[in-house]
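Visitor: I have a few questions about the terms used for this structure. Could you take me through them?

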Amino acid sequence: MGSTQFGNFQNFCRDSTLPVCNLFRPWRDRPGELFGQLQGYDGCQLSGIGLSGGRHLGNLGSILIAFIAILVTIFLIMRSNRKEAAVGRREFQLFLVGYIIVSICEIFTVGGLPMGSPLQQRVVLGFSAVHLGAIVATLWVLMLNGIVGFQLLDDGTPLSLGLILLSAAALFIGTGYIALDTAFSYSGHFGASRDSPHRNIGLYVLYQLAPLVFLVAFFILETILVLRVLGEKKPMLYLFAAALLFAIGQIFQYVISTHLCQGTNGKINGALFETLFTLLAVVMTWVFWSSITEDSWPMPVSGGTYDTS
């Protein structure tokens with residue numbers, strides 16, 4: 001394994017703005033440095049907007065879009081409340097709450113806020129750990145939403161919600177602990193990952209691989225549900241659109257980001273577009289979910305029949 005790239009974050013952190021990279025940054029041990037000014041990965045330095053005192057606000061675009069994402073997701077949660085007969089309404093709202101937590105963390109972890117004191121830098125490390133845990137847990141909840149539609153358990157019940165919350169909490173705590181241990185070296189087990197090539201198998205599996213597995217599983221489960229169980233085709237357009245938008249965001253993050261940064265002399269990179277397209281993917285996922293669920297219960301009419309209009 002030592003000669004492979006599996007588990008290494010050096011190249012990812014060189015070319016992209018990822019929350020996990022905060023855990024390895026050299027400024028952890030150099031409190032005089034400002035967040036966003038010391039790149040530490042031999043890549044394009046995201047300088048963003050210049051502030052007074054030689055400080056920089058690295059990623060204003062991501063901060064603004066993350067704030068918009070919070071407002072949009074709150075609106076979607078409220079709209080979901082109106083779909084009283086929707087299968088998995090509460091379970092899907094848990095996914096939306098998770099996305100709000102991810103968006104809040106993103107403001108601090110990839111926003112490139114100027115951080116000049118050791119306390120401020122520790123705050124960023126804390127938010128980075130929460131961010132990683134929230135990403136894994138939120139996508140786990142999304143995958144479980146794909147199972148909810150098959151009605152193996154009654155949706156919205158304490159049992160259904162409890163199983164989702166407890167399993168998501170386990171992933172959140174596990175991922176968060178590894179991230180915090182990496183950043184602060186509580187046990188010293190992950191100390192070597194602070195040095196190049198920043199090898200951390202635990203975070204690589206949980207942050208890079210597990211979410212991808214959860215997303216693919218959700219897509220497969222929902223495809224089976226829509227085509228074979230419901231016998232519908234139109235909702236698949238929304239599902240494919242959500243998958244496409246998410247994929248575009250990841251392409252901006254992992255492929256185009258370094259070229260954008262170099263082409264704009266560090267003003268922007270792919271993180272801005274990744275935040276935007278992820279928001280659009282979440283909205284389209286809600287549209288998909290809404291298209292395969294009922295808004296209200298059928299109303300009884302005379303003769304013992306039901307009005308479903």
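Visitor: What makes the link of Cys-13 and Cys-21 left-handed or right-handed?

Guide: The angle about the S-S bond is -95 degrees, and the link of Cys-13 and Cys-21 is left-handed. A note on the source: this is a predicted model, where local features need pLDDT of at least 70, side-chain atom pairs count only at pLDDT 80 or more, and totals for chains, interfaces and linings use all residues. Residues are numbered from 1 along each chain as its sequence is written, and side-chain values use heavy atoms, leaving out hydrogens and water.

Visitor: How do you know that a disulfide joins Cys-13 to Cys-21?

Guide: A disulfide is a pair of cysteine sulfur atoms within 2.5 Å. For Cys-13 and Cys-21, S to S is 2.0 Å. The rule gives a count of one disulfide.

Visitor: Why is Cys-105 called buried?

Guide: Buried means under 20% relative accessible area, exposed over 50%, and partly exposed in between (1.4 Å probe, protein chains only). Cys-105 has 2% relative accessibility, so Cys-105 counts as buried. Cys-13 and Cys-21 are buried too.

Visitor: And why is Val-130 called partly exposed?

Guide: Its relative accessible area is 30%, so Val-130 is partly exposed. Val-130 sits in helix 4 (residues 118–148). Helices are DSSP runs (H or I, at least four residues), numbered from the N terminus.

Visitor: What makes helix 3 largely enclosed?

Guide: 15 of its 21 residues are buried, so the rest of the structure largely encloses helix 3.

Technical notes: Helices (H or I, at least four residues) and strands (E, at least two) are DSSP runs, numbered from the N terminus.
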